[in-house]
Amino acid sequence: MNDSKKQIKTRFAPSPTGPFHVGGVRTALFNFLFTRNVGGEFLLRVEDTDTERSLKKYEDEMKEALEWLNIEYDSAPVRQSERTKLYSDYLQKLIDSGHAYISKEEEGERDEVIRFKNSGKVVKFQDEIRGEIEFDTTELGDFVIAKSIEEPLYHLAVVIDDHEMGITHVIRGEDHISNTPRQILIQEAIGAERPIYAHIPLILGADKSKLSKRHGATAVLQYREEGYLPEAFNNYLALLGWNPGDDREIFTLEELISEFSLSGVQKGGAIFNQEKLLWVNRQHILNLSDHDFFHHVEENIPADLKKLPNYNTKMLKKILPLIRERTEKITDITKMGDEGELEYYFEQPGYFAKGLLWRDDEDLEISKKHLKHAQETFEEIDEESWNRDMTKGMIWEYATEQGRGSVLWPLRYALSGMDRSPDPFELAEVLGKEETLSRIDVAIDRIEEEGSGI
RNA sequence: GGCCCCGUCGUCUAGCCUGGUCCAGGACACUGGAUUUUCAUUCCAGCAACACGGGUUCAAAUCCCGUCGGGGUCACCA
């Protein structure tokens, strides 16, 4: 009788019968956050009593996903398929004590199963999230708890394991509410203590029904492939059904742990919103240290880019902020590279002269004139004071007079060779004075070679 | 259909327990505008909800009842 000192223990108990999906991790995450917050022990239990459908592949995938997300469990996973002896001992006791019996069946796969002797009472339990819930168990009848003495079924195994493992808090999806009375009945029959229950709301698809395979990209590891950061994914998932009670939305895992509480958990289901996840991901990308972001960039830029003769990490570091500004998912970095938005930092871009023409101008002679002006102006800047503010300051007045688009577009295009890119002053800064002037030169030459007429 | 859970902007939510400060706050998305041309940022503004009906009360998003709606679950799956 030392309940006050009793160690809090929770468990995440998935069944490896399919790809590990979003609903599953969210349950794992809530268990994990709750447990770390109160300083308890978080256990993993693999519910693989259904030998037909359970696959090791799915179990491994699930563990890999938890590892990716830094959801750590405290000891080696318990696998139900390895504890049949335990279950049959309990089963035998249940039969001996008259709480269960071998039942002759007329329908179904076999002619004998083991049923629980249900007294049909009203079961009441307190749910941490929903308050008191009451069920009349009469309608459940004598439900089946094992296919045979060697083959326990879900409800039996759950109750025995939670008891044996010393689980104090059962935090699981709302879809288990109606399983609870059955499990309480078994608990009472084996003399197990009743854990505290907390049924968390479901994650819903766009059609408001329980998220499942048919809703598309629900496999957790797919989000890793798509370029989401684990901390962002956890953050978004935590916000689906939980909130800190104020307006904060961006949290590290550590912050989630210290803020989490079951009292902040929502009752109603929540629709999974890909767009908000993307936004959360971007916020986390913005919060990455330069060192970490650089690491991601280096890992994700296309190999072709690294093969460029002038490729160097010094330049890569310089353009880090420009890349980060355009990154929502880590995979965007690869995409940028593939779409030629990175190459021009490392080599003179190739393009046709007509690209240098501002949309409102009629003639490339105008572009040429502005480029020459820029060239002459920039020439006067010292290497040491070459930066975006300087180049911009030197040409701004001229650009305003002549038409900013007319002056700035050809300049930017000369430096990037692309319809879209950072502004010319950013580009000039990272490219340096020498390269900038050289590219302007090339642009002027190109106009002369191709002729100014369009 | 039985049983159970839930019901605030399109979505995630604050507020509800301890009625008045809420003609309901924040965020995503969307629309419009601004900043230094293009892309991307950033900033500002706008749009938009208490499911409905009764009741209690001086006063209800908040308490009570009912209706409707949505979801979950009803396996020798978990």
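**Briefing: chain A and RNA strand B**

The surface near RNA strand B holds 27 charged, 17 nonpolar and 15 polar residues. Here Asp, Glu, Lys and Arg count as charged; Ala, Val, Leu, Ile, Met, Phe, Trp, Tyr, Cys and Pro as nonpolar; the others, Gly among them, as polar. This is a predicted model, in which local features need pLDDT of at least 70, side-chain atom pairs count only at pLDDT 80 or more, and totals for chains, interfaces and linings use all residues. Residues are numbered from 1 along each chain as its sequence is written, with chains lettered from A and ligands numbered from 1 in the order in which they are written.

**RNA surface**
- RNA strand B is surrounded by 59 residues, where near means a C-beta atom, placed from the backbone, within 6 Å.
- The closest are Ser-15, Glu-47, Gly-108, Gly-268 and Asp-423.
- Two or more residues each come from β7 (131-136), β8 (144-148), β13 (270-271), α9 (274-287) and α17 (404-416).
- The most come from α17, with five.

**Fold and shape**
- Chain A has 18 helices and 13 strands (DSSP runs numbered from the N terminus: H or I, at least four residues; E, at least two).
- The C-alpha trace of chain A spans about 100 × 45 × 35 Å along its principal axes.
- Of the 454 residues in chain A, 34% are buried, with 20 or more other C-beta atoms within 10 Å of their own, all placed from the backbone.

**Confidence**
- Mean pLDDT, the predictor's confidence in each residue from 0 to 100, is 94 for chain A.
- In chain A, 98% of residues reach 70 or more.
- The complex gets an ipTM of 0.95 and a pTM of 0.94 from the predictor.

Note on methods
A residue is buried if 20 or more other C-beta atoms lie within 10 Å of its own, exposed if 12 or fewer, and partly exposed in between; C-beta atoms are placed from the backbone.
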